[in-house]
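Biologist: Please take me through the interface and the ligand shell in this model.

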Amino acid sequence: MKLFTYKQADGVDEAIKAASTKTISKFIGGGTNLVDLMRENIEQPDTVIDVTHLPLTDVEELEDGSIKIGSLVRNSHLAANKIIREKFPVLSQAILNGASGQLRNMATTGGNIMQRTRCYYFYDETACCNKRNPGSGCDAIDGYNRIHAILGTSFTCIATHPSDMCVAMAMLGAKIIVEGKNGEREIAFTDFHKLPGDTPNIETVLQQGELITSVVIPPQDFTKNSLYRKVRDRASYAFALVSVAAALEVENGSIKNVRIALGGVAHKPWRAFKAENYLMNKEVTEENFMLAAEEELKDAKGFEHNSFKIGLAKRTMVSVLKELV
Amino acid sequence: MNIKQNPSGLQANGFTLPLSLSINGKQYDLNIEPRVSLLDALREYIGLTGTKKGCNQGACGACTVLVDGERINSCMTLAVQYQGKEITTVEGLAEDGNLSALQQAFIEHDGFQCGYCTPGQLCSATAMIEEFKNGMPSAVSPDVASEEFEFSEKEIKERMSGNLCRCGAYVGIVEAIQEAFSNKETTVAHETFYL
Amino acid sequence: MSIISKIMETVVQAMPDKKPDRLIHQKKYIGQAINRVDGQLKVTGEAKFSAEYELDNICYAALAYSSIAKGKIKKLNLSAAQNAEGVITIITHENSLKLNKPVLFDPSGRSRGSAAMDIDILKDENIYWNGQPIAIVVADTQEQAEHAATLIAVEYKEGKSTLSFDANKSKAKTPSKVMMEPAEIKIGDAEKELKHAAHSTDNFYHTPRYNHNAIEPHATIAAFKEDGRLVVFDSTQGLYGVTRTVAGVFSMKPDEVQAVAPFVGGGFGGKGSVWFNTMLCVLAAKQTGRPVKLNLSREGVFRIIGGCTPSEQRVAIGADENGKFVSIVHSGITATTEHNNFPEQFSFPIRHLYASKSFYIGQKALNLDTVANTFMRAPGESIGTFAIESAIDELAYKMNMDPVELRRINEPAKDPTKETEFSSRHLIEAYQRGAKKFRWKHLPPKSQRDGEWLIGQGIATAFYPVYRFPATVKISLFADGTAIVKAAAHEMGMGTATVQLQHSADRFGLPIEKVSFQYGNSDLPEASFAGGSNQTVSVAAGISSAAEKVLEEFFKLASKNKNSPLHNLKFEDVEAKNGGLFSKNDSTKGETYIDILKEAGKGFIEAEATSDMPLEIQKYSMGSQGAQFCEVRVNEVTGEVRVIRWVGSFDTGRILNPKTATSQFRGGIVMGIGMALTEETFFDERNGRIMNPSLAEYHVPVNADVPNIEIIYNDIPDEHTPLGAHGIGEIGITGTAAAIANAIFNATGKRIRSLPVTLDKLL
Ligand SMILES: Cc1cc2nc3c(=O)[nH]c(=O)nc-3n(C[C@H](O)[C@H](O)[C@H](O)COP(=O)(O)OP(=O)(O)OC[C@H]3O[C@@H](n4cnc5c(N)ncnc54)[C@H](O)[C@@H]3O)c2cc1C
Ligand code: SF4
Ligand code: FES
Ligand code: FES
């Protein structure tokens, strides 16, 4: 790990100011991803700005019934929060399915959103990786790509976003509030992470120096009936091969409201808009669930070792929806 | 050495910065680079080698310590971030030379073999029991919205899965935790702590 | 077989048996579920592992690894690294002291070395594998050394490498020996019998690369003392292997090197031989004149410490109408390198497990340009039993026969390939006991379900040979009635110290608190390395030899004395008990050690002895066996597998401590669960790079992957081993993967012949 300047920010303004310099700076939350990547030489900031002292550690209910989650709320605190558990059990479940008890105590909401891929070739400095080293190529495309993406891939990168929490947030239609030197802006969760395209090195729409201050989940009643299911290589403490977050509201045998998002399949938490559209007002049948899944994964593309994910995603989606009925 | 203090807190431009950590109730003053992890600060700079390094990747739990009672992986974080917090390591689990119920139960149930993962298992389990008592759900809790769970084998296993044991002492570890839990506290308080 | 070995064998067969160990049925301490003696140290963090010694003026080292599999270093640019903060020195082939080539580990016994690879260290620009250490950076702090190592820039000239196992299978050759045994065995015409058999099965089985991943990464501190002697704190399973190998490389005498390792954070074979890290650390200490600490990173462990070979195995079994085997074929290929000699012995179990009219057993090995493969918990037996025990199961289903029954009717009366008697074999009893405990029932495939989850049960035989090596032990018994037992043994969690204290206390008839055991240091007598599950019986034999001498001395002292109750007795007529020597016939007649020494005016009696050659292993077929029973659930939607129930029923001679023994069996089974379901080292055949050198991506089983594992054992002493015991450190992993694959078949009707059985294989 390279030497760096450490700054502890006590206020949001101070953090933003500290990050608005010419040199490369990084915010540090729990450090569970940043420290790892710095140790691997993948991140080499000149300045590390500690944001854990910022007063962004609350989960509050706003007047309109939205829930505002400070970006420094630790994952375990968010998962254990009573409001979240009652209104959005899927979010608690998603978080609790990620990492380990220790890591969840460290990980922050902002850091979780900003965590980077677990692609083996991204992690190995000696490999070709367009994300780490733009233009160098992608060793994963013809290499070990069992954990890689099947949706929204490009010729330059097939990595996935590894977060569980983000899948639930994308499903819940959350918004990310960021603040930079030009003020505050609001970004739909589903617009925040980018597909790799030609610039897999640019992973989100966050600008250098901008800080995530909170995530806001809009009020919605039907998401009480929600579920997160994660399929992985170990019973616990492993990243998702495929995961599904879904919420369902059924009225008189037909679907009144449905939300679905997939994890482990794309460069971003993948909101299954196509499947949702397909299902709206349709009859609740296993066949419709399957057709919706087919619809969503129509354009999926598998690679040597990950083609199984296409079928797995469909089956898991159907199984989750069935359970929600 | 080139250390600048500014009103907003710590800042170091040079190589090292002064830092004070409170560990097991004792204060330690250090002068270290900001890149030193909490784990390395403990092991290499303070000499508290009870906390182990199994991966330095956040992936094994051998480095688990308690910060204000919560369990964390000390390898994945910078020591400078932990000023003003109370850190407990395996060396601080026994009180007045008496092993904690959990430490004793680990010996009785052979909850280890080589012993390298053990400090992490013990710190982790100590905090895990508190999390459970405070109503923290887990990935296997049947209903996360509920505040009543059973301290079942399944719950223990899921909650302890952040601590690898390559010697495979998991059965003994679970038995030890069950025993320590039931001896210490027969009724489970289901108050929600994490609000 | 050479004439000499043939003669040797005849001689050995004709030799009379040794008398069974007199403690074979002893029940005072031996056999008791005593807590580990080092438990307190381990739960308080006081147990010191090798990188945890504080030495004055210590500095830190980190390694830089090659990024190509074969070729030469064209140019090294060290300037950025050299200018980095805190760097003391960087040692590469350009400035390294000239060292001797390390001497390879040799299975025949105490060779001059114990190196894992006989490649010269930092001698020239040649690269032999992707991940080879090319430089060692020494700095004031760990952070400085690690960072500077990343700043080393290398230009390579790449050579042609052989990396693909599958593409090069045709180049595999039959080695001259496999762990001193023949690589090929032919009895009858197995292929012909197979063709005409009433029932048969014939398939290929594949196992991937695995890594040990002991939770303690390899770590070393090397320091030269003022007198020129070198101390190496090293996480090792073989202290004397370290002293000999290091001495050889650095032109020192073995006794000028001291190796210290009181606690080792798991080894599983990965710390069994001496790898580059130990020698590089010594080199750095030598070139800097300061004590140096080298903690391998987890990635470093993957790059420079080898693991288990990949394998392709063919198992074919032919049976007659009744299920009696007429033909067994077990052949296959493993990978090794030009720089070691370890064709992994996957064909060993089949040599002893089943009776058959004909056999063809044959092993081939293929050299690849990788880090050397090495022993990993039950090398050979772990992967070999996967193939055989899957095949037996396949045949049982084909014949519609209970797989327990198929094994029972093919249980041999004597060793099927060596044709010697078994020293102790009660496998069928283990099956019967296990089946009862497990409530075993042979149900048709895909006949049990709980919602999305398909349920199935599977069984497999576990097998591991008995090894013993001569061991030297020194014992002192003092006038205050205490004894110290000294042996350079190893404690990696097997319970060595605990069990040998139980043993020593019983051997002398002393209370266990009066005995202490010193181990983990090469300044103690050479006991045995910790490998091949030999250490418990080897050290036990060493202790009994040394104890016998000590007791004889006591007897001599006492019987010289006319007033002693022992005066008129013969040594054969007395036994050690109640803190002294007493007549076998009259336990009131005798004297305590304290009294004998007091009477003689002596402070202590001390003796060192080396146990005899393990000829019993040649005379008998000696193995441990067991029956593994498991239940799995397989999710029909996702393919996820959960092991939910386990009974391991073992036949491993006498159990010396039920508590530590149970842990050993369970530990092996847990590792077997990983082998079966989650573990694989990803080796990129394009460039020889290991792609998941991380505990996040190499999936060792977590707590939630492991069910409650019930262990039972026959506990029948083997009359031909010290204490009637067998080593048990490795047998747990054997048969485990097959039992799981068999249970998966029972649950799903899908037969998976390649490990690990990840969920994609079941979709
Ligand atoms: C072994 C292991 C297993 C894991 N398993 C899982 C898993 O199964 N599922 C899962 O979802 N995750 C998993 N994780 C990832 C873990 O969830 C993330 O590392 C964690 O959420 C990151 O949060 P942090 O606060 O520690 O981030 P940090 O490491 O502190 O920061 C990560 C990134 O976010 C940036 N950042 C932090 N805060 C802000 C902010 N407020 N505004 C803008 N940028 C910010 C940082 O600059 C940095 O680039 C695992 C991690 C490890 C090490
Ligand atoms: S998939 Fe993306 S992250 Fe992985 S190697 Fe290719 S470019 Fe890099
Ligand atoms: S050393 Fe920290 S998790 Fe492994
Ligand atoms: S006791 Fe050895 S790793 Fe857990």
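Modeller: Before the values, the conventions. This is a predicted model, in which local features need pLDDT of at least 70, side-chain atom pairs count only at pLDDT 80 or more, and totals for chains, interfaces and linings use all residues. Residues are numbered from 1 along each chain as its sequence is written, chains are lettered from A and ligands numbered from 1 in the order in which they are written, and side-chain values use heavy atoms, with hydrogens and water left out.

Biologist: How many residue pairs are in polar contact across the interface of chain A and chain B?

Modeller: A polar contact is a pair of N or O atoms within 3.5 Å; within protein, one must be able to donate a hydrogen and the other to accept it, and residues adjacent in sequence count only if both atoms are side-chain atoms. With both residues at pLDDT 80 or more, the rule finds 17 residue pairs.

Biologist: Which element gives the largest share of the side of chain A that touches chain B?

Modeller: Helices (H or I, at least four residues) and strands (E, at least two) are DSSP runs, numbered from the N terminus. Elements giving two or more residues to this side include strand S1 (5-8), helix H2 (34-39) and helix H6 (101-106) of chain A. The largest share, five residues, comes from H6(A).

Biologist: Which side chains meet in a salt bridge?

Modeller: The term requires a side-chain nitrogen of Lys or Arg within 4 Å of a carboxyl oxygen of Asp or Glu. Between chain A and chain B the count is one. At 2.9 Å, N to O, the partners are Glu147(B) and Lys82(A).

Biologist: How many residues surround ligand 2?

Modeller: A residue counts if one of its heavy atoms lies within 4 Å of the molecule. Cys119(A), Cys129(A), Cys138(A), Cys157(A) and Ile158(A) are the closest, and the total is 14 residues.
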